[in-house]
Amino acid sequence: MHSLCLFLYFFLWTKGAGASDPTMPFMEYLDQKHLVCLKWNFDDLKGTITFKLVVNTTGWISFGFSPNGGMAGSDIVVGGVGPDGKYFTDRYAKGNSEPLIDEQQSYTLLDLSENDGQTSMIFQRSIQSCDDQDFHITAQPIKLIYAYGTTDKIEYHGTRRGTKEVNLLNYRYRSPLPSDKYLSATVDNITVPPLETYYHCKYMTFPTFIKKHHIYRIEPVVDNSDIVHHLVLYSCPPSVNQSFENACHLIDTEDFCMGVVAGWAVGGGVFEFPDDAGIPFGGGSSDTYYKLEIHYNNPNHEKDRTDSSGLRLHYTDKLRKYDVGVLLTGVLSYGSMTYNIPPGATQFHTYSTCDTALFSKFLNPMPDLQVFAVLLHTHLAGRKVRVGHFRQEKQIDFLGVNENYNFEMQEIVSLGKTKTIKMDDKIQVECTYNTVNRTGVTKMGHGTSDEMCLAFLFYYPAINVTTCISHPNTYPSEGTNNQASNISSLSQEEIVEYETTLQTLPQIQIILTDDSQHLIDENGRIRDMMKTPSISCQNDNASSRSSSLGTSWVINKAGPTLFLLWSVIM
């Protein structure tokens, strides 16, 4: 079994990188066994993107773009080398069946070969296609799908398929570190009760490190993928000073452990931090306690299930330039206030705000925060999540967007390029829900059938603020109380009116720090958010496209190629 990407780099080293061999600096394994390797580059000026797909098979191979990680609505290419020669087609899928051949073939085959048990396919397309059946590539993360067969007869792939979310146009190269040391934050063979929703919390310390270290990779250890929904590791204040584990939400101690250190959600995988940043630990006080929270989703109420899931935190003593912090934003339940979602809604929006000017109570001045990744989180009714970024009362950007949210595909997504949050900037999280198939009110809560609206922002340099959430002030009043009590039977027009009422209420903001300090502000407000940017179908206007797609990186000389090779083999 070959390690395909490393093979390609060694091939470039021995064969050279001539003009006939397009150099592609970006690289991802699409599967965990390293059988499917994708490389690519793009050129904003030409408006093209080129891919090289290498798969350990001598059968057909396919690659595509999906709106949600599934087949329906996907844009797919299929190719291979058969008994009668090479074949390659542009296709699209309407459902879980063989993709249809697109009348407009928008992909150009550059090379297709079969050697040493591998099939390699190089192809190119426009970044922004005018074909309605083609997926529009933007500077946002895209769900890539792949499948392959063992013969050249194109038929059902079985388990030889998968999906991975990648930001193609704002990708950041990762070079592996030689160290394989890691901290283990896992439970040990606990019994999961036969409940639809169960949260288990374990409080622990790590071995003492006199010197400061950096965590550079978060690896999930999922023992039961059918019932483990998410894992979050929090740091605790000095008031938490003993190890124990129990069902969460039974005691008050856990409420103080709010500093998010690492996390994973269903559909996610291993995440690596930028080369110049890592999560700090060790040095100074060595008796910090941590809380591992595991959410189990057991809809069939199965009995006698045991689990040993958790996280591995890979670390190094070679310190990086920046300490990583995680800022929790969004909506969480607060006190006796309600934020209920009515049934029968085709779209219902919830909003939260975070005013960074409030951070001045805990640190002044606040450094510029460089956001490099985001984890967006709702439950089953969630359809879209957007994180707006405001400066001087004007929205300047999105810190995260997922217009096709999939409960089964949640992961930390690299933004590819950092986005800067300055003091006084506002962060606004919007979630869109669909409750057409529900007959009862959906509340904000911890249960899988309840809802959440959260955005975890990964940034550097770390500050002591860990949480900046808000909740509309729905303390009972004559107007909101009467309307909220009757939302189980609203018409679509009344649902819109109820949503607007909640959106215009003052927002109560809650700011928490890593040492349990807090600030409550009742003067927050929701601002209008811009439409999600889209790129028009223009292949001849490179200048307008380059400003919205980000900086291109196309390498045409051997020197940069050898540098990338050196980064991989060292």
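The model is predicted, so local features need pLDDT of at least 70, side-chain atom pairs count only at pLDDT 80 or more, and totals for chains, interfaces and linings use all residues. Residues are numbered from 1 along each chain as its sequence is written, and side-chain values use heavy atoms, with hydrogens and water left out.

Start inside. A nonpolar core is a set of buried Ala, Val, Leu, Ile, Met, Phe, Trp, Tyr and Cys residues joined through side-chain atoms within 4.5 Å. Buried means under 20% relative accessible area, with a 1.4 Å probe and protein chains only; exposed means over 50%, and partly exposed lies in between. The largest nonpolar core has 61 residues. Leu233, Tyr296, Leu313 and Phe458 have the most contacts inside it. Beyond its neighbours within four places in sequence, Leu233 is in contact (heavy atoms within 4.5 Å) with residues including Phe206, Val261, Tyr290 and Leu313. A second, separate core holds 43 residues, among them Val374 and Ile421.

Now the rings. Rings of Phe, Tyr and Trp (its six-membered ring) pair if their centres lie within 6.5 Å; planes under 30 degrees apart count as stacked, over 60 as edge-to-face and the rest as tilted. The count comes to 21 aromatic pairs. Tyr198 and Tyr296 have ring centres 6.2 Å apart and planes at 20°, so they are stacked. Tyr198 lies in strand β14 and Tyr296 in strand β21, so this pair ties together parts 98 residues apart in sequence. Strands (E, at least two residues) and helices (H or I, at least four) are DSSP runs, numbered from the N terminus. Both tyrosines, Tyr198 and Tyr296, are buried. Phe271 and Phe273 meet another way: their centres are 5.5 Å apart and their planes at 85°, so the pair is edge-to-face.

Last, the disulfides. A disulfide is a covalent bond between the sulfur atoms of two cysteines. Here the term covers a pair of cysteine sulfur atoms within 2.5 Å. The count is four. In one of them, Cys201 and Cys248 have their sulfur atoms 1.9 Å apart. The torsion about their S-S bond is about 110°, so this disulfide is right-handed. Cys201 sits in strand β14, while Cys248 is in the loop between β17 and β18, 47 residues apart. Another disulfide joins Cys354 to Cys468, S to S 2.1 Å. This link, from strand β26 to strand β33, connects parts 114 residues apart.
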